[in-house]
Amino acid sequence: MEWAEIFSEGRTVAFILLFTRFSALFMAVPIFSHANIPVSIKAAMAFFFTILFFGAVPALNIPTDSLSLTVAILGEMLFGLAVGTVLQLAYNVITFAGGQISFMMGFSLASAIDPQSGISMPIVSQFLSLLALMTLLMFDLHHWILLYASESIAHVPLGGFMVTPTLFSYIIHAAGNMFVVGFMIAFPITALSMLADVIFGMLMKTMPQFNLLVIGTPIKIAIAFVVLMVTLAATLQIVTIQTQDAYNFLDKLF
């Protein structure tokens with residue numbers, strides 16, 4: 001490829017659109033969107049992968065006027081946001097479940113800043129979120145995302161992404177599924193905590209001197225921790241399966 005062709009108007013527009021696609025992906029998808037990764041590092045990664053995959057970009061057939069370019073750039077940003085939303089809904093299952101577990105353990109007020117999202121969330125949610133993040137790293141989710149970005153160049157033309165009814169239907173289904181699976185993960189601890197409340201209530205009726213706050217609360221927390229350790233492997237496996245299903249759906253965006 002000659003230098004004149006590399007710096008032609010069409011190739012320059014293609015470079016800008018590809019850079020926008022990678023930037024949107026790295027700002028929206030799990031792992032790459034981690035709040036502890038500086039924006040400058042994300043921009044540098046987007047620029048590096050743009051140069052790396054620029055040779056695979058086919059010729060563009062879009063006008064180069066300002067309106068068409070604005071629409072194309074917005075389309076690339078929407079593509080990254082759509083991919084990030086699909087994967088984040090699967091990943092947020094563990095965060096929602098952690099919130100329910102924290103509530104049953106009485107840790108709802110014990111919150112800290114989550115390094116993944118940069119917002120305040122219960123400690124149990126943050127702990128499970130970090131474990132799920134390490135599990136997804138172990139299963140090479142970051143490599144899956146880069147592979148998907150590479151395949152999208154050939155199947156989704158730059159500036160040609162369109163939101164389909166299938167995407168809206170999946171997001172609505174995934175949002176509902178997040179609550180269902182989150183409740184399912186938290187159910188063992190929720191059920192045992194409610195059973196412990198019933199037992200403690202019966203004890204207080206038979207033994208009024210029984211101090212629920214002093215004795216009952218530590219017992220409930222200990223039971224919840226034991227159940228959490230027993231079900232931790234299954235919980236992380238559920239999150240992995242949910243993320244794999246979300247990744248498999250991304251092929252339908254092509």
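**Rings, helices and a patch**

Modeller: Happy to, and let me start with the rings: Phe-22, Phe-26, Phe-32, Phe-48, Phe-49 and Phe-53 are linked into a cluster by ring pairs. Bear in mind that this is a predicted model. In total, the structure holds 16 aromatic pairs.

Colleague: Why is the pair of Phe-22 and Phe-49 called stacked?

Modeller: Ring centres must lie within 6.5 Å to pair, and planes under 30 degrees apart count as stacked. For Phe-22 and Phe-49 the centres are 6.1 Å apart and the planes are at 25°, so the pair is stacked.

Colleague: And which parts does that pair tie together?

Modeller: Phe-22 belongs to helix α2 (residues 9-28) and Phe-49 to helix α3 (residues 39-53), so the contact joins parts 27 residues apart in sequence. Both Phe-22 and Phe-49 are buried.

Colleague: What makes the pair of Phe-26 and Phe-49 edge-to-face?

Modeller: The angle decides it: planes over 60 degrees apart count as edge-to-face. Phe-26 and Phe-49 have 65° between their planes, with 5.8 Å centre to centre. Phe-26 lies in α2 and Phe-49 in α3, so this pair ties together parts 23 residues apart in sequence.

Colleague: How do you know that Phe-26 and Phe-49 count as buried?

Modeller: Buried means under 20% relative accessible area. Phe-26 has 2% relative accessibility, so Phe-26 counts as buried. Phe-49 has 13%, so Phe-49 counts as buried too.

Colleague: What makes you say that the charged end of Arg-21 sits over the ring of Phe-79?

Modeller: For Arg, CZ has to be within 6 Å of the ring centre and within 35 degrees of the ring normal. The charged end of Arg-21 is 4.6 Å from the centre of the Phe-79 ring, and it is listed as sitting over that ring.

Colleague: Let's turn to the helices. How does the length of α5 compare with the expected one?

Modeller: Helix α5 (residues 123-138) has 16 residues and reaches 23 Å from its first C-alpha to its last, close to the 22 Å expected at 1.5 Å a residue. Its buried residues include Val-124, Leu-128, Leu-131 and Leu-136. After α5 comes Asp-140, with a positive phi near 60°.

Colleague: Is Thr-240 buried or exposed?

Modeller: Thr-240 is found in helix α8. Its relative accessibility is 6%, so Thr-240 counts as buried. Thr-240 and Leu-141 are 99 residues apart in sequence, yet 9.6 Å apart in space, C-alpha to C-alpha.

Colleague: Now the surface. Which residues make the nonpolar patch?

Modeller: Leu-192, Leu-195, Ile-199, Val-214, Ile-215, Ile-219 and Ile-223 make it, and the patch is about 550 Å². Helices α7 (165-206) and α8 (212-249) each supply at least two of the patch residues. The most comes from α8, with 4 residues.

Colleague: Why is Ile-199 called partly exposed?

Modeller: Partly exposed lies between buried, under 20%, and exposed, over 50%. Ile-199, in helix α7, has a relative accessible area of 42%, so Ile-199 is partly exposed.

Colleague: And how many helices and strands are in the chain?

Modeller: There are 8 helices and 2 strands, and the order from the N terminus is α-α-α-α-β-β-α-α-α-α. Of the 254 residues in the chain, 41% are buried.

Conventions: Residues are numbered from 1 along each chain as its sequence is written. This is a predicted model: local features need pLDDT of at least 70, side-chain atom pairs count only at pLDDT 80 or more; totals for chains, interfaces and linings use all residues. Side-chain values use heavy atoms; hydrogens and water are left out. Patches are made of residues with over 30% relative accessible area and no salt bridge: like charges are joined within 9 Å, nonpolar side chains (Val, Leu, Ile, Met, Phe, Trp, Tyr) within 5 Å. Accessible areas come from the Shrake-Rupley method with a 1.4 Å probe; for residues, only the protein chains shown count as cover. A salt bridge is a side-chain nitrogen of Lys or Arg within 4 Å of a carboxyl oxygen of Asp or Glu. Buried means under 20% relative accessible area, exposed over 50%, partly exposed in between (1.4 Å probe, protein chains only). Rings of Phe, Tyr and Trp (its six-membered ring) pair if their centres lie within 6.5 Å; planes under 30 degrees apart count as stacked, over 60 as edge-to-face and the rest as tilted. The expected span of a helix is 1.5 Å times one less than its number of residues.
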